[in-house]
Amino acid sequence: MILPSNARIAGMEEDLELHGQRYQWLLNIFYISYIVFEFQALMWKILPPNIWAAFVVFGWGIAATLQSTTKVWATEMVCRWFLGLFEAGFGPGIPYLLSFFYLRHELGLRIGIFLSAAPLATTFAGALAYGITSGHSHLANWRLLFLVEGLPTILMAAVAYRFLPASPDKARFLTHEETLVAKARGVRQVGDVERIGGIVWRDIGAVLIDPKAWFTAFMYFSTNVGFASLPGKRDRDVVATDPA
């Protein structure tokens with residue numbers, strides 16, 4: 001997980017002339033698009049999860065990779081906007097996919113493990129960035145950082161399409177007996193209903209008036225605020241370890 005702060009220290013600030021509030025806007029524009037396009041979580045109910053996940057992962061991989069080609073601040077802003085757009089369609093859908101296989105009282109631990117990946121990646125981002133930029137590349141160091149972030153993500157889109165189960169029926173890692181158990185657990189939780197292929201609009205209305213849904217949204221928002229604050233320290237002397 002390569003953070004904008006790492007790229008900034010690696011030379012992006014000078015090359016893109018990030019004076020004034022430009023760097024702060026690079027951070028903000030991601031969250032603006034992430035919030036605006038959060039409704040894409042509904043696509044997990046419309047399309048098979050492996051197809052939708054592959055699409056958004058490929059999209060954010062492209063957006064992340066294109067950051068390495070930007071020449072001006074405005075172009076970097078566009079890349080960050082699309083990065084937020086595509087990521088908004090992924091994260092909120094993972095709890096829904098997990099609910100195909102786990103009951104409500106089992107979901108908390110699994111979602112916690114999923115969410116913990118972001119701060120865990122952040123703890124290693126600085127060391128990874130230092131290792132990447134310690135070599136002698138023909139590219140600017142900050143451009144190399146974005147390539148290392150984006151290209152593997154593009155490749156993971158194919159992995160998501162191939163291996164992410166669209167439902168217990170299509171989970172390659174389950175035996176026939178395990179598939180039957182998973183389907184029975186799903187019926188026990190939500191009843192014998194089709195969970196992929198369309199949206200029941202009255203269910204959306206019921207969610208909007210349910211206080212538990214707003215409380216969950218507040219928790220998710222607070223978690224993201226916490227994640228965003230981790231790399232916020234600007235002091236170069238703490239991060240830059242190369243005296244040259």
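Aspartate 210 is partly exposed, at 24% relative accessible area. Here buried means under 20% relative accessible area, exposed over 50%, and partly exposed in between (1.4 Å probe, protein chains only). Lysine 212 is exposed, at 59%. The two side chains meet in a salt bridge, 3.2 Å from N to O. The term requires a side-chain nitrogen of Lys or Arg within 4 Å of a carboxyl oxygen of Asp or Glu.

This is a predicted model, in which local features need pLDDT of at least 70, side-chain atom pairs count only at pLDDT 80 or more, and totals for chains, interfaces and linings use all residues. Residues are numbered from 1 along each chain as its sequence is written, and side-chain values use heavy atoms, leaving out hydrogens and water.

The whole structure holds four salt bridges. One of them joins arginine 185 and glutamate 106, at 2.3 Å from N to O. Arginine 185 sits in helix α9 (residues 176-190) and glutamate 106 in helix α7 (residues 104-133), so the pair ties together parts 79 residues apart in sequence. Helices are DSSP runs (H or I, at least four residues), numbered from the N terminus. Glutamate 106 counts as buried, at 18% relative accessibility. Arginine 185 is partly exposed, at 23%.

Helix α9 also carries lysine 183, while aspartate 169 lies in the loop between α8 (141-163) and α9. Aspartate 169 is exposed, at 51%. Lysine 183 is partly exposed, at 39%.

Now the nonpolar side. In soluble globular proteins, nonpolar side chains tend to be buried together. A nonpolar core is a set of buried Ala, Val, Leu, Ile, Met, Phe, Trp, Tyr and Cys residues joined through side-chain atoms within 4.5 Å. The largest core has 26 residues; Trp44, Val57, Trp60, Leu83, Phe90, Ile94 and Phe100 touch the most other members. Elements giving two or more residues to this core are α2, α4 (49-66), α5 (73-88) and α6 (93-98). Helix α4 gives the most, with seven residues.

Take leucine 83. Not counting residues up to four places away in sequence, leucine 83 touches Phe30, Trp60, Ala63, Ala64 and Gln67. Contact means heavy atoms within 4.5 Å. A second, separate core has 10 residues, including Leu16, Leu18, Tyr23 and Leu26.

Last, valine 36. This residue belongs to helix α2 (residues 22-36). Valine 36 is partly exposed, at 45% relative accessibility.
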